[in-house]
Amino acid sequence: MTNTAMIWPVIAQVLLVYIVYGLMGKRRFGAVRQGTARARDFLIPSVEPETSATVARNLTNQFELPVLFTLVCTLLYVTEGVSILTVSAAWLFVLSRYGHAFVHVTSNRLMLRHRLFVAGFFLNALLWLLLAIHIV
(Lines give C-alpha, C1' and ligand atoms only; values in the text may rest on other atoms or scores of the structure.)
Protein backbone atom coordinates (compact mmCIF):
# COMPACT_ATOMS: atom_id res chain seq x y z
CA MET A 1 0.00 0.00 0.00
CA THR A 2 1.38 3.41 -0.93
CA ASN A 3 1.58 6.26 1.55
CA THR A 4 -0.58 8.44 -0.67
CA ALA A 5 -3.57 6.17 0.07
CA MET A 6 -3.71 7.91 3.45
CA ILE A 7 -4.31 11.30 1.84
CA TRP A 8 -7.70 10.44 0.30
CA PRO A 9 -9.57 10.01 3.59
CA VAL A 10 -8.18 13.39 4.71
CA ILE A 11 -9.40 14.98 1.47
CA ALA A 12 -12.83 13.40 2.03
CA GLN A 13 -12.90 14.82 5.58
CA VAL A 14 -11.97 18.28 4.28
CA LEU A 15 -14.75 17.98 1.69
CA LEU A 16 -17.20 17.35 4.54
CA VAL A 17 -16.12 20.63 6.16
CA TYR A 18 -16.85 22.51 2.93
CA ILE A 19 -20.23 20.77 2.59
CA VAL A 20 -21.19 21.81 6.12
CA TYR A 21 -20.03 25.39 5.45
CA GLY A 22 -22.22 25.46 2.35
CA LEU A 23 -25.21 24.09 4.22
CA MET A 24 -24.76 26.62 6.99
CA GLY A 25 -24.70 29.48 4.48
CA LYS A 26 -27.78 28.12 2.75
CA ARG A 27 -29.71 27.81 6.01
CA ARG A 28 -28.65 31.23 7.25
CA PHE A 29 -29.63 32.95 4.01
CA GLY A 30 -32.89 30.96 4.06
CA ALA A 31 -33.66 32.17 7.59
CA VAL A 32 -33.10 35.78 6.52
CA ARG A 33 -35.28 35.33 3.41
CA GLN A 34 -38.06 33.71 5.45
CA GLY A 35 -37.92 36.48 8.03
CA THR A 36 -37.04 34.20 10.94
CA ALA A 37 -33.71 36.00 11.34
CA ARG A 38 -32.03 39.24 10.39
CA ALA A 39 -28.56 39.34 8.89
CA ARG A 40 -27.21 41.07 12.00
CA ASP A 41 -28.48 38.18 14.16
CA PHE A 42 -25.50 36.18 12.97
CA LEU A 43 -23.07 38.54 14.66
CA ILE A 44 -23.83 36.75 17.94
CA PRO A 45 -24.00 32.96 17.51
CA SER A 46 -26.41 32.47 20.44
CA VAL A 47 -29.13 34.34 18.54
CA GLU A 48 -29.01 31.92 15.61
CA PRO A 49 -32.21 30.14 14.44
CA GLU A 50 -32.37 26.43 15.31
CA THR A 51 -32.16 25.30 11.67
CA SER A 52 -28.76 26.92 11.19
CA ALA A 53 -27.61 26.59 14.81
CA THR A 54 -27.35 22.80 14.49
CA VAL A 55 -25.25 23.23 11.34
CA ALA A 56 -23.05 25.84 13.04
CA ARG A 57 -22.52 23.46 15.96
CA ASN A 58 -21.70 20.64 13.56
CA LEU A 59 -19.15 22.87 11.85
CA THR A 60 -17.51 23.39 15.24
CA ASN A 61 -17.43 19.59 15.62
CA GLN A 62 -15.46 19.37 12.37
CA PHE A 63 -12.59 21.22 14.05
CA GLU A 64 -12.40 19.03 17.13
CA LEU A 65 -11.79 15.28 16.69
CA PRO A 66 -11.09 15.60 12.93
CA VAL A 67 -8.06 17.78 13.74
CA LEU A 68 -6.52 14.82 15.56
CA PHE A 69 -7.48 12.64 12.60
CA THR A 70 -5.69 14.90 10.13
CA LEU A 71 -2.62 14.99 12.34
CA VAL A 72 -2.42 11.22 12.80
CA CYS A 73 -2.90 10.63 9.06
CA THR A 74 -0.11 13.10 8.33
CA LEU A 75 2.19 11.42 10.84
CA LEU A 76 1.40 7.97 9.43
CA TYR A 77 2.19 9.31 5.95
CA VAL A 78 5.48 10.92 7.04
CA THR A 79 6.68 7.93 9.04
CA GLU A 80 5.64 5.49 6.32
CA GLY A 81 3.22 3.78 8.67
CA VAL A 82 0.47 3.45 6.10
CA SER A 83 -1.08 -0.02 5.85
CA ILE A 84 -4.35 -1.54 4.77
CA LEU A 85 -5.41 -1.39 8.43
CA THR A 86 -4.63 2.32 8.85
CA VAL A 87 -6.28 3.27 5.55
CA SER A 88 -9.35 1.18 6.40
CA ALA A 89 -9.61 2.75 9.85
CA ALA A 90 -9.21 6.21 8.30
CA TRP A 91 -12.02 5.61 5.80
CA LEU A 92 -14.26 4.22 8.54
CA PHE A 93 -13.54 7.32 10.63
CA VAL A 94 -14.52 9.55 7.71
CA LEU A 95 -17.72 7.55 7.16
CA SER A 96 -18.57 7.95 10.84
CA ARG A 97 -18.06 11.71 10.52
CA TYR A 98 -20.28 11.93 7.43
CA GLY A 99 -22.92 9.91 9.26
CA HIS A 100 -22.59 12.06 12.37
CA ALA A 101 -22.89 15.26 10.33
CA PHE A 102 -25.90 13.96 8.40
CA VAL A 103 -27.76 13.00 11.57
CA HIS A 104 -26.77 16.26 13.29
CA VAL A 105 -28.11 18.51 10.51
CA THR A 106 -31.25 16.47 9.76
CA SER A 107 -33.09 14.48 12.45
CA ASN A 108 -30.52 15.32 15.17
CA ARG A 109 -31.36 12.05 16.93
CA LEU A 110 -29.02 12.25 19.89
CA MET A 111 -28.45 8.54 20.53
CA LEU A 112 -27.66 7.78 16.89
CA ARG A 113 -25.42 10.83 16.68
CA HIS A 114 -23.69 9.74 19.88
CA ARG A 115 -23.07 6.22 18.55
CA LEU A 116 -21.53 7.63 15.38
CA PHE A 117 -19.34 9.97 17.42
CA VAL A 118 -18.16 7.13 19.67
CA ALA A 119 -17.35 4.97 16.64
CA GLY A 120 -15.26 7.80 15.19
CA PHE A 121 -13.64 8.41 18.57
CA PHE A 122 -12.45 4.80 18.84
CA LEU A 123 -11.35 4.67 15.20
CA ASN A 124 -9.29 7.79 15.77
CA ALA A 125 -7.80 6.25 18.91
CA LEU A 126 -7.00 3.12 16.92
CA LEU A 127 -5.10 5.20 14.36
CA TRP A 128 -3.04 6.79 17.15
CA LEU A 129 -2.36 3.36 18.65
CA LEU A 130 -1.25 2.02 15.28
CA LEU A 131 1.05 5.03 14.85
CA ALA A 132 2.56 4.42 18.29
CA ILE A 133 3.13 0.76 17.52
CA HIS A 134 4.67 1.66 14.17
CA ILE A 135 7.17 4.13 15.58
CA VAL A 136 8.15 1.83 18.45
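**Figure 1. A look into the largest pocket of this predicted model**. The largest pocket holds about 150 Å³ of space. Its lining is made up of R57, N61, E64, L65, R97, H100, L110, R113, H114 and F117. Helices α2 (50-61), α4 (84-105) and α5 (110-135) are the elements that each give two or more residues to that lining. The top contributor is α5, with 4 residues. Sorted by class, the lining comes out as 3 nonpolar, 3 polar and 4 charged residues.

**Figure 2. R57 and E64, a salt bridge in the pocket lining**. Zoom in on the lining of the largest pocket and you'll find both R57 and E64 there. These two form a salt bridge, with their closest N and O atoms 3.5 Å apart. R57 is partly exposed, at a relative accessible area of 42%. E64 is partly exposed too, at 40%.

**Figure 3. R28 reaches over to E48**. Here the closest N and O atoms of the salt bridge sit 2.8 Å apart. R28 belongs to helix α1, while E48 is in the loop between α1 and α2, so this pair ties together parts that are 20 residues apart in sequence. R28 is partly exposed, with 23% relative accessibility. E48, on the other hand, is buried, its relative accessible area being 11%.

**Figure 4. R38 pairs up with D41**. In this salt bridge, the closest N and O atoms are 3.2 Å apart. R38 is partly exposed at 47% relative accessibility, whereas D41 is buried at 11%. As a rule, side chains of opposite charge can pair when their charged atoms come close. The whole structure has 3 salt bridges.

**Figure 5. A nonpolar patch out on the surface**. I7, W8, I11, Y77, V78 and W91 make up this patch, and together they have about 590 Å² of accessible area. Two or more of the patch residues come from each of α1 (7-34) and α3 (65-78). Helix α1 gives the most, with 3 residues. I7 is partly exposed, with a relative accessible area of 34%.

Figure 6. Of the 136 residues in the chain, 40% are buried.

How values were computed:
Residues numbered from 1 in each chain as written. Predicted model: local features only at pLDDT ≥ 70, side-chain atom pairs only at ≥ 80, totals over all residues. Heavy atoms only, no water. 1 Å grid on protein atoms, 1.4 Å probe; cavity = no way out; pocket = protein on both sides within 12 Å on 5 of 7 lines; lining within 4 Å. Points joined across faces, edges and corners; volume = space filled by probe spheres on them. Nonpolar A, V, L, I, M, F, W, Y, C, P; charged D, E, K, R; others polar. Patch = residues over 30% accessible without salt bridge, like charges linked within 9 Å, V, L, I, M, F, W, Y side chains within 5 Å. Areas by Shrake-Rupley, 256 points an atom, 1.4 Å probe, with all protein chains shown as cover. Salt bridge = Lys/Arg side-chain N within 4 Å of Asp/Glu carboxyl O. Buried < 20%, exposed > 50% of the residue type's maximum accessible area, 1.4 Å probe, protein only.
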